[in-house]
Amino acid sequence: MTSSCLYVSITDVLIISLLLYALIIMLPGAAVYGLLARWLPAPISAMPLLTSLGLGLALWPMLLLYTTLIYVPAGSIWLYALLLVSAALIYRQRVYFSLQRPGLEVVLLAIVFLASLAVRLYFIRDLQAPLYGDSVHHTIVTELIVDHGGVPGDYLPYIPLISYTYHFGFHTQAALLIWAQGIDAPTSVLYVGQALNALTVLAAYYLSAGLFYAARWAKWAGLVSAMVTGLVSTMPEYYANWGRYTQLAGQAILPFAMVALVAAVAPSPISGEGWGGSLRQRWPLIIANIILIVGLFLSHYRVLIFYAAWVVAVLLWRLANTVPGAKAAPVEDLGVPPLAALQQGLDPTQIVQGERSLPRSGGSIVASLVVMTIIGLGSLLVALPWLLNLYHNYFGGLLNHLQNVTEDYLATYNTGSILAELGWPLQLLAALGIVLALALSVATWKRAGLRGLHLSALAVALWAGLLYVVANPRQFHLPGAGAVNNFAVGIMLYIPAALLIGYVAGWLLNLLGNLAPLRVAGGRARAALALVFVVACIALAFAPPTDTQGQGLFTAKQPDSYSVLVHHADLTAIRWLGQHSVASDKVLIAAVPAREFAGNAVVGIDGGTWVATLAKRQVSAPALVAGGERAQDPNLQTDVYRLTIAAWPLTSKPTQYNSTQPNGLPTSATYAALQQAGITMLYSAANSAFWRLGYLNSTPQHFTRIYDADGVQIFRIKY
C-alpha cells in the first residue's frame, strides 16, 4: 500500500479510528477469555474486560506470525474474518460476559482513562505525522506488513536490508487499523500510538487491583495507580516525543502478564492453595500465561527481559510467602465477584476457612515451580518459529556485540541516573510505599490475610531493584552489559512507582475507613471520596508540565520542538517528489553522525527522513542502518557514514559535527563521492538551515532547483 495522502484531519477520522481500534483489540482477547473463563481464578476472572484487553494485545502479533507461516495473506478480509469468528465465540460464551450495572470504581476508572486519552489526543492536535526518527522506522515496518500481508522477511524497498528480526507487535496494531479503515500508515502509527499510550492507564489499574485483589481497598489502589500513570507521571505519555511506541506496546502487555504469573503460582489468601487449584485445573491459566508471554516477546524483546526480572521476584516472593488462611469475609471485600467465587466452588456471600498456613517449602512450592516450567516451555514452543528466525539472523550479531562491549561504549550507552525520568516526588512516594510494605510485613508477620498483600508490594519493589541490576550487570559481576541501559529502565519505572503509590493510598484509605465517624458516614464518605478523585483527574488533565525534557510531573501538552521533524510543507513536497522522480533516483537528505552510538552510524534530522517512507525513493541515510539486520551491502553502514561526511561541505554546519571550525566549500572530491553513491537529488526540508541554499542556488552547473514552495527546496544534481 502506498501512502498517497498523509495529512488527515483528526476531526474526520479520529473517533472512528479509536472505536475501531478498541473493537479490533478486544474481540479476539474476549473470545479466548470466554473459552478459558470457566476455569480461570480471581483476579483474572474478576476483571473480564480488562483481561480480554491484555489477551487481545498479545494475540494479534501471534495471529499475524502464524498466518504468515501458513501463507494466509493478512488484509481487510483476513481481519474481518477473525473478528467474526471471535464474535461467534464470544456469543457462545456470553454467560461469562454478563453485564451488570457498573460500580462506582468502574465509573471512576472510565473517567481517569478518558481524561488521560484526552490529554494524549490534545498532544497530537497539530501534528502531521508521528514524531522523531523512531517513528519513521515504525511507519516503514507498518507499511511492510501491509505490503506483504504478513510479517516481512526484509526491509526492501524502503531500506537495503535483507533480513527482518525486529519485533512487530505495535506495527501489527497499526496495520490492523489501516486494513479496517483505509487510512495511511503515518496517521495509523500516530493514532494507535496515542491509543496504546492511554491503555497503559487500564494496565496500571489491572496490575494494582490484581496483585492486591484480596484487599477491600484493591480497586482504590488501582484507581490511584491509573491516575499516576495517566495524569501525574510524565512517562509514558512523553514517549510520543520519541515515537517510542514499541517499548510502550510491550509495557502495555507486561502488567497483564505479571498478574497472570502470580495467579498461576501464588498461594491464595482464600484457600491456602494456588489460585488455579491443582495442576490439572491450572491448564487454562497456563494457556493465558503463554499467550501473554509470547505476545510480549513479539512486541518488544527488552520488555521481555523486564518480565524475566519479575519472574525472579515472584520466585523469591513465593518462597517467602506463608499466608495463613483468611478469616470469614464477604466475597466483595476480597475483590472476588460472585461468578469467580462460584467458579472456585465458594459460597458467593461468605467465605469461611479454618486457620492454616503453607510451609515455606514443600509440595505447594514444587507445584508452583512445575507450573512456571510448563509456562516457560510452552512459551518457547509457541514462539519457536520466530526464535528460529532470530537464531539465524539476529542472535549471532547480538552475542558478538555483548562479548565486545567496552567501558567506553558503556560510558556513552549507559549514562544518567536510572531514576532521572521518574521525578523526585514520585520517587519519594514510591519509597514510602516500600517502607510501609516492609514495616507492615514485619508487623503483621502472623496475622491472617495481611502478610501476603504487603509482600506483594515488596515483590514489586524487589522487581524494581532487579531492573537496576539488569541495566548495570557489571557492577554485580554479571554478564549481559550493553543489552539494557539505565534510560530504557528509567522510563518504565512509572509501572512499579504507580503500583507502590496506589498501595500507599489504598492502605491509607482503608485506615481512614476504619475510623468510627467515616464508618458511620458510609456511602456519603465514599461519594465524597469519588468526587475528590474526579476533581483531581480534571485538575491534573489541565495542569501544565513542569519540564519539557521528559522529567518532572504531569503529562506533556505539546511536543518538544526537537521532536517535530516533518511539517505539512514537507508532506506536500515529498508527495510531489514521489510523482516527479523515478525509482532509480537517490536523494541526499540532512543527516548527522549519531553520537549516542559507538561507531559510525548516522541519523536523519528533518523532514527528509520521510522521503524513503512516503515517496519510496532511496535516501543517503536510510533508517536503522545501525541496526542488527543483514544488509545487501555488508559495508552499508560505513558507506552511509562516509557519504554523509563527504557531503558535509554542502551543509552550513562546521567542519566537524559539534565543532566550531568553519566549513570549506565543496570540491571535485565532494561531487565524485556523491556520483559514486548514486545521488541524483537533494532535499532541503521546511524550516531547515542544514544545507547551504545560497551556494546550491548559485551553482547551476551542479544544482537545478525543481521545487520551491513553503520553505522546501528540491534540487536535481548534475555531474
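Author: The account below begins with the sheet, turns to a helix and a surface patch, and ends with the salt bridges. The model is a predicted one.

The sheet is open and consists of five strands, in the order S4-S1-S5-S7-S6, with mixed pairing. Its edge strands are S4 (618-619) and S6 (703-709), each of which pairs on one side only. In general, the strands of a sheet pair through backbone hydrogen bonds, in either a parallel or an antiparallel sense.

Strand S5 (residues 681-684) shows both senses of pairing. With strand S1 (residues 586-588), S5 pairs in the parallel sense over two bridges, and Met 681 of S5 stands opposite Val 587. With strand S7 (residues 712-717), S5 pairs in the antiparallel sense over four bridges. Here Ser 684 has Gln 713 of S7 as its bridge partner. As to the side chains of S5, Met 681 and Tyr 683 point one way, while Leu 682 and Ser 684 point the other way. All four of these residues are buried.

A nonpolar patch on the surface is formed by Tyr 66, Leu 69, Ile 70 and Val 72, which together have about 340 Å² of accessible area. One of these residues, Val 72, is situated in the loop between helix H2 (48-69) and H3. Val 72 has a relative accessible area of 34% and is therefore partly exposed.

The structure contains six salt bridges, and three of them are described here. Glu 105 is joined to Arg 526, with the closest N and O atoms 2.8 Å apart. This pair links distant parts of the chain, Glu 105 being in helix H4 (residues 104-123) and Arg 526 in helix H23 (residues 523-542), 421 residues apart. Glu 105 is buried because its relative accessible area is 11%, whereas Arg 526, at 38%, is partly exposed.

A further salt bridge joins Asp 147 to Lys 616, and its closest N and O atoms are 3.9 Å apart. Asp 147 belongs to helix H5 (residues 132-148) and Lys 616 to the loop between helix H25 (611-615) and S4, so the pair ties together parts that are 469 residues apart in sequence. Asp 147 counts as partly exposed at 31% relative accessibility, and Lys 616 likewise counts as partly exposed, at 28%.

Glu 407 forms a salt bridge with Arg 474, where the closest N and O atoms are 2.7 Å apart. Since Glu 407 lies in helix H17 (residues 407-413) and Arg 474 in the loop between helix H19 (451-471) and helix H20 (486-490), this pair ties together parts that are 67 residues apart in sequence. Glu 407 is exposed, with a relative accessible area of 52%, while Arg 474 is partly exposed, with a value of 35%.

Note on methods. Residues numbered from 1 in each chain as written. Predicted model: local features only at pLDDT ≥ 70, side-chain atom pairs only at ≥ 80, totals over all residues. Heavy atoms only, no water. Buried < 20%, exposed > 50% of the residue type's maximum accessible area, 1.4 Å probe, protein only. Pairing = 2+ DSSP bridges. Patch = residues over 30% accessible without salt bridge, like charges linked within 9 Å, V, L, I, M, F, W, Y side chains within 5 Å. Areas by Shrake-Rupley, 256 points an atom, 1.4 Å probe, with all protein chains shown as cover. Salt bridge = Lys/Arg side-chain N within 4 Å of Asp/Glu carboxyl O.
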